[in-house]
Amino acid sequence: MAMSTAMPPLPRAMLIDMDDTILSAYGRPEIAWNTIAEEFADELAPLPPQQVATAVLAFARNFWANAEAAWRMKLGEARRLTVRGGFAALAADGHRALSDDLADRLANRFTTYREEAIFVFPGAHDAIDAFKARGVKLALVTNGAADMQRAKVERFELTHRFDHIQIEGEHGFGKPEERAYLHAMDALGVTAKDTWMIGDNLEWEVVTPQRLGIYSIWIDVHGDGLPEGSAVKPDRIIRSLTELVPDQP
């Protein structure tokens with residue numbers, strides 16, 4: 001099985017996403033919401049925590065599917081809004097009304113829970129170091145607010161690992177705007193044919209980069225596979241950055 005023949009040599013440059021590519025950050029929100037709802041079970045009673053978590057998650061998914069990019073700069077506010085929305089949906093179905101104060105405390109706890117739970121995926125640091133050691137130019141390209149994302153870059157020792165760090169909130173633009181990728185490539189001094197994009201968001205890390213001629217790698221850390229009916233065709237699918245490290249130096 002000569003699998004290695006299908007593996008292109010490392011490119012001149014890589015643009016790498018941060019959240020849920022290098023760091024376990026926002027994946028599996030249903031687990032997080034259920035955990036938080038359980039913590040507040042006494043205050044949510046007689047509503048079962050799982051029912052509350054399901055309502056909040058449904059509202060949140062709908063909200064983020066239609067949200068303007070500016071909301072990525074205001075995650076805390078967005079979470080408070082989505083919990084209130086979930087509570088309102090429950091009340092509209094005839095369940096007891098839950099207060100805005102309780103909604104805000106649930107949302108704020110979700111934020112701290114997420115921050116506490118973030119970790120670097122096993123092997124991610126080593127993989128990035130291996131790319132760098134082989135002369136690949138590296139850019140970290142992440143969406144989100146300046147202070148929150150910069151804090152993660154520092155906390156998880158990413159600063160020195162990248163030649164260029166591009167945070168949406170610091171630059172004023174982000175994925176999937178074409179200039180986000182063009183700016184990162186310009187900063188590295190490379191063109192699309194020299195570049196790979198790696199990340200977990202099909203629109204941000206596959207659709208737009210492919211349109212620009214960038215080799216696009218989708219990271220599917222949980223092995224869920226492409227969504228049913230998806231027309232997106234990543235150039236490659238991996239579960240870990242470690243899969244991209246060549247066997248030989």
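This is a predicted model: local features need pLDDT of at least 70, side-chain atom pairs count only at pLDDT 80 or more; totals for chains, interfaces and linings use all residues.
Strand S1 (residues 13–16) pairs with strand S4 (residues 137–142) in the parallel sense over 4 bridges. Pairing requires that DSSP finds at least two bridges between two strands. Strands are DSSP runs of E with at least two residues, and helices are runs of H or I with at least four, numbered from the N terminus. S1 also pairs with strand S6 (residues 195–199), again parallel, over 4 bridges.

Residues are numbered from 1 along each chain as its sequence is written, and side-chain values use heavy atoms, leaving out hydrogens and water.

What covers the faces of S1? Both faces are covered, with Ala13 and Leu15 buried on one side and Met14 and Ile16 buried on the other. Buried means under 20% relative accessible area with a 1.4 Å probe, counting protein chains only. In a regular strand the side chains alternate between the two faces of the sheet.

The protein chain has 10 helices and 8 strands. Of its 249 residues, 46% count as buried. Its C-alpha trace spans about 60 × 40 × 30 Å along the principal axes. Among contacts (heavy atoms within 4.5 Å) between residues at least 6 apart in sequence, 65% join residues at least 24 apart.

Notes
Buried means under 20% relative accessible area, exposed over 50%, partly exposed in between (1.4 Å probe, protein chains only).
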